[in-house]
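User: I'd like to learn how to read a few features off a structure. Can you walk me through it?

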Amino acid sequence: PTLSSDTKKMSSTSWPPNDCSLIDSGDTSWILVSCALVLLMTPGLAFFYGGLVHRTTVLTIVMQCFISMGVTSIVWVVIGFSLAFGEDAGGVIGSPASYALLTNLDGCTPTGYPMSSGTGQIPGVLFAGYQMMFAIIAPALITGAFADRVRFKAYLIFIVLWIILVYCPFVHWVWSPHGFLAVWGIKDFAGGIVVHISAGFAALASIFVVGRRQYASDEERHRMQVPHNRTFVALGTGLLWVGWFGFNGGSAIASNSQAAFALVNSSIAASVAMVTWMCIEWVHIGKPTLIGACIGAIAGLATITPAAGFVRPWAGFLIGFITAFGCYGCVQIRDILKWDDALDVWGVHGMGGLFGTLLLGALADQDIGGQDRSGLFFGKQLAACVGTAAYSFIVSYVLLLLVNLVTPIVPDASEMAMGLDVSLHGEQAYDDEALDLSKSSPKDWDVYGGSNAFEGPPVQQARAIPVQPPVQPPVQAPVQPPPPPPQPP
């Protein structure tokens, strides 16, 4: 959702007028709906991730997703929005005082300096709220990489620091009109760089800090790989798909033709990527799986995000097709390199955002979003991808090391054996007697299935433990009645 700038019309110290006549009701209505749709994505992500992990850690990852709705919102209102869209300081960061606690904004203040030229047609406070929904889901995406092995306190400290030092600078660089990448001509319609590259490469950094999970045997590791609830995965995919219409369609910051193209392109790319991923998987492992189809759809949505409002539908189709091969290949690379990226955040989101940002350079259409494709534009997009990915990886890596000095990140062996839901939160998702984890060991959990976080690619999730048919009781021969007693002569 990049906003324009016109420094000739507005000095560096002026603020937009408080004038309700400048507010467009149609644009405002669409962004209000988009706010709700984007917020819905975080609970959808919780279901998606929750279904993929072991049932003894499902509440842990759901809590990590949901708490971002609270913690990130507080950070965003107090300082985050100002850092992202406040008065510019060298194209690098905004002034923390510009919109502290969303001051200088109300219902009749249109989006204006430092956000745009003052010609925006939605209330500035609505724009701040819409951007807050993006900020909420970004750190939640990272949780899939270190699923099953991060303490809650360490996670809270990390996401606060990450929002301030990684996410907000990315927003300012790319989406603020005075950000140095925006001035250079970098385009990112709805978050390929800002959300997906930032979260995906932070996720990659996290797996090198927290390390690999340890299993007593290969058999135990395999048992712990099975997603505990595939239905949750499908539900989460559906919620994310619907929410993405607000994520991409709302990023036009208006109810117009660009929003329409963004919405349609998003669904096309998701559909093509889903079907293509399913076919690749079918050839690779011999069966099409629900999990694979869902991952393919999410990969398509992540990849179309930076290009959604800049390309035509035929390009959205092509992006979805290329996405399936690219992201599937990244999952295989992760498998070969033995990276314990539990839910393939890097391969699907990080590399998906990178692929989409590059393909935008090759497929952009001047008549759709005002940007045409060219070799120069592609080269700039490539440079931006490499630079932002490196920044997110390095800063996230250092932040995690510093957090670990304050409080241990990785749970100890006893906490892992008990299950993080019980050991960290004192709760369990399924209150059946068989899940009295205080009396169980990891070897007792194989009957319930495990998580998707394992050494093999997610397309192998279908290789679950074969379900044994119930033992049938032996068939009893019918009891013959005794013969009648002989009759007396």
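Analyst: Let's start with a term: buried means under 20% relative accessible area, exposed means over 50%, and partly exposed is in between. R312, at 29% relative accessibility, therefore counts as partly exposed. Keep in mind that this is a predicted model.

User: How many salt bridges does the structure hold?

Analyst: For the general idea, look for a side-chain nitrogen of Lys or Arg within 4 Å of a carboxyl oxygen of Asp or Glu. Here there are six salt bridges. R312 takes part in one of them, with D365, at 2.9 Å from N to O. D365 sits in the loop between helix 12 and helix 13 (366–369), and R312 in the loop between helix 10 (290–304) and helix 11, so this pair links parts 53 residues apart in sequence. D365 has 13% relative accessibility and counts as buried.

User: Which parts does the pair of D340 and R149 tie together?

Analyst: First the geometry: the closest N and O atoms of D340 and R149 are 3.9 Å apart. D340 is in the loop between helix 11 (313–336) and helix 12 (345–363), while R149 is in the loop between helix 3 (124–142) and helix 4 (152–175), so the bridge ties together parts 191 residues apart in sequence. Both D340 and R149 are buried.

User: And where do D412 and R151 lie?

Analyst: D412 is in the loop between helix 14 (375–406) and helix 15 (413–418), and R151 is in the loop between helix 3 and helix 4, so they connect parts 261 residues apart in sequence. Their side chains meet in a salt bridge at 3.8 Å, N to O. D412 is partly exposed at 35% relative accessible area, whereas R151 is buried at 17%. Salt bridges with shared partners also join R151, D412 and E415 into one network.

User: Now helices. Where is the kink in helix 8 centred?

Analyst: Now the case: helix 8 has a kink of about 30 degrees, centred on G243. As for length, its 20 residues (230–249) should span 28 Å at 1.5 Å a residue, and the end C-alpha atoms are 28 Å apart, which agrees. At the start of helix 8, a side-chain oxygen of N229 comes to within 3.0 Å of the backbone nitrogen of T231.

User: What do the buried residues of helix 8 pack against?

Analyst: They pack against helix 1 (25–52), helix 3, helix 6 (192–210), helix 9 (257–285), helix 10 and helix 12. Among the buried residues of helix 8 are V233, L240, W241, G243, W244 and F247.

User: Is T305 buried or exposed?

Analyst: T305 is buried, with a relative accessible area of 0%. T305 lies in the loop between helix 10 and helix 11, and its side chain reaches the backbone oxygen of L301 at 2.7 Å. Leaving out residues up to four places away in sequence, T305 touches several others, including H196, W244, F247 and N248.

User: Last one: how many disulfides does a search of the whole structure find?

Analyst: The test is a pair of cysteine sulfur atoms within 2.5 Å. The search finds zero disulfides. Take C327: the closest cysteine sulfur, in C330, is 6.0 Å from its own, too far for a bond. C327 is buried at 0% relative accessible area, and C294 is buried at 4%.

Definitions and conventions. Residues are numbered from 1 along each chain as its sequence is written. This is a predicted model: local features need pLDDT of at least 70, side-chain atom pairs count only at pLDDT 80 or more; totals for chains, interfaces and linings use all residues. Side-chain values use heavy atoms; hydrogens and water are left out. Helices (H or I, at least four residues) and strands (E, at least two) are DSSP runs, numbered from the N terminus. Buried means under 20% relative accessible area, exposed over 50%, partly exposed in between (1.4 Å probe, protein chains only). The expected span of a helix is 1.5 Å times one less than its number of residues. The bend at a residue is the angle between axes fitted to the seven residues ending there and the seven starting there. Contact means heavy atoms within 4.5 Å. A polar contact is a pair of N or O atoms within 3.5 Å; within protein, one must be able to donate a hydrogen and the other to accept it, and residues adjacent in sequence count only if both atoms are side-chain atoms.
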